[in-house]
Amino acid sequence: MSGAKNVVVVCVTGASGYIASWLVKLLLQRGYIVKATVRDLNNPKKTEHLLSLDGAKQRLHLFKADLLEEGSFDPVVDGCDGVFHTASPVVFSSISDPKAELIDPAVKGTLNVLQSCKKFPTVRRVILTSSMASVIMNGKPLTPDVVVDETWYSDPLLAEKHKLWYLLSKTLAEQAAWKFAEGNGIDLVSINPGFVIGPLLQPEINLTVEMIQNLITGKAVTASSYRFIDVRDVASAHIQAFEVPSATGRYCLASHAAKNSETLEIIRQLYPTLHIFERCEDENRSYLPSDPEYQVSKEKAKGLGISFYPFEVTLKDTLESLKEKGFLNV
């Protein structure tokens with residue numbers, strides 16, 4: 001499924017998002033024609049950074065689409081060889097209506113996109129942007145010696161019990177996607193990244209990169225350790241999953257596990273003069289019921305040909321991007 005030899009048309013949903021923006025950039029670099037969806041074509045914060053990408057004038061076409069509107073993606077998917085479904089709300093904090101704000105857009109949106117894919121036989125493969133959230137919570141202990149891999153599936157009952165609504169939304173959406181794909185003969189591959197950081201293309205800061213900013217400035221963060229992955233690796237993995245014929249199933253992506261204290265120490269080494277708020281470990285608020293320090297297997301991802309940015313490079317590029325966009329004084 002190489003996009004290098006022939007002009008290939010693909011769809012990217014939620015194209016203004018953090019991962020999707022990088023995906024659009026790399027697809028354009030590889031010569032693809034990209035049909036990309038955004039919720040508001042008249043919002044320059046959602047479109048200008050995409051329209052300014054190299055190749056955008058010739059090969060990027062923006063469409064308005066709504067996750068909850070049936071048939072909304074038909075005009076975009078029509079004529080596509082592949083579909084990258086990245087659109088899904090990301091909220092880690094408490095919300096008033098989890099079903100309306102997270103679960104319905106994630107689950108119904110995924111099914112609406114797949115329904116469109118079913119209608120058009122030109123679609124050879126669908127790549128779903130899932131998350132490690134749909135992998136890690138199954139009741140097994142998450143200790144430092146545990147290695148999580150693609151055979152793990154989160155239990156929605158556990159997620160609901162602990163009111164982890166984002167985790168629940170990603171778990172239910174991926175479950176629904178696999179069930180629909182298997183029942184309708186759709187070639188589906190899912191990408192399950194960990195905590196995504198790296199340089200920003202969009203003008204607004206997203207929640208995962210904001211965590212790095214908060215770590216430095218002393219604001220509350222969601223855990224005391226993270227499984228990190230570079231946004232550029234995530235975007236590349238999506239393209240590899242489309243182009244490599246043997247790609248199948250799920251691909252977990254996490255290049256480096258680090259406690260916040262370790263992350264801050266690297267930042268101090270990179271920027272010795274940067275003022276970093278000194279926090280106590282118990283000031284951190286855990287995202288999960290316990291604060292695990294598990295590892296994530298890289299074997300399947302490497303088998304796909306995916307390499308990983310060094311963590312120090314990712315951190316430096318993240319901070320330089322925050323500085324450039326005015327979110328951090330470095």
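A: Start with the term: a cavity is a set of grid points where a 1.4 Å probe fits but cannot get out. Also keep in mind that this is a predicted model.

Q: OK. How many cavities of 30 Å³ or more does a search of the whole structure find?
A: The search finds 2.

Q: How much space lies in the largest cavity?
A: About 60 Å³.

Q: Which residues line the largest cavity?
A: His85, Thr86, Ala87 and Ser88 are in the lining, along with Ala106 and Thr110. Leu128, Thr129 and Ser130 also line the cavity, as do Lys170, Ala173 and Glu174.

Q: Which elements give two or more residues to that lining?
A: Those are α5 (98-119), β5 (125-129) and α8 (165-184).

Q: And where does the largest share come from?
A: From α8, with 3 residues.

Q: What does the lining of the largest cavity have by class?
A: There are 6 polar, 4 nonpolar and 2 charged residues.

Q: Next one. What volume has the second largest cavity?
A: About 40 Å³.

Q: Which residues line the second largest cavity?
A: Ser134, Tyr153, Ser154 and Thr171, then Glu174, Gln175, Trp178 and Arg250. Glu174 is on the lining list of the largest cavity and on the list of the second largest cavity.

Q: Which element gives the most there?
A: α8 does, with 4 residues.

Q: You listed Tyr153 and Arg250 for the second cavity. Where does arginine 250 lie relative to tyrosine 153?
A: Arginine 250 lies over the face of the tyrosine 153 ring, at 3.8 Å from the ring centre.

Q: What sits over the ring of tyrosine 251?
A: The charged end of lysine 300, 4.4 Å from the ring centre.

Q: Switching to rings. How many aromatic pairs does the structure hold?
A: It holds 6. One of them joins tyrosine 226 and phenylalanine 228.

Q: Is that pair stacked, edge-to-face or tilted, and what angle lies between the planes?
A: Tyrosine 226 and phenylalanine 228 are tilted, with 40° between the planes. Centre to centre, the rings are 5.7 Å apart.

Q: Are tyrosine 226 and phenylalanine 228 buried or exposed?
A: Tyrosine 226 is buried, and phenylalanine 228 is buried too.

Q: Last one. Which residues form the aromatic cluster?
A: Phe195, Tyr226, Phe228 and Phe311 form one cluster. So the tilted pair, tyrosine 226 and phenylalanine 228, belongs to that cluster.

Technical notes: Residues numbered from 1 in each chain as written. Predicted model: local features only at pLDDT ≥ 70, side-chain atom pairs only at ≥ 80, totals over all residues. Heavy atoms only, no water. 1 Å grid on protein atoms, 1.4 Å probe; cavity = no way out; pocket = protein on both sides within 12 Å on 5 of 7 lines; lining within 4 Å. Points joined across faces, edges and corners; volume = space filled by probe spheres on them. Nonpolar A, V, L, I, M, F, W, Y, C, P; charged D, E, K, R; others polar. Phe/Tyr/Trp six-rings, centres within 6.5 Å; stacked < 30°, edge-to-face > 60°. Buried < 20%, exposed > 50% of the residue type's maximum accessible area, 1.4 Å probe, protein only. Lys NZ or Arg CZ within 6 Å of the ring centre and 35° of its normal.
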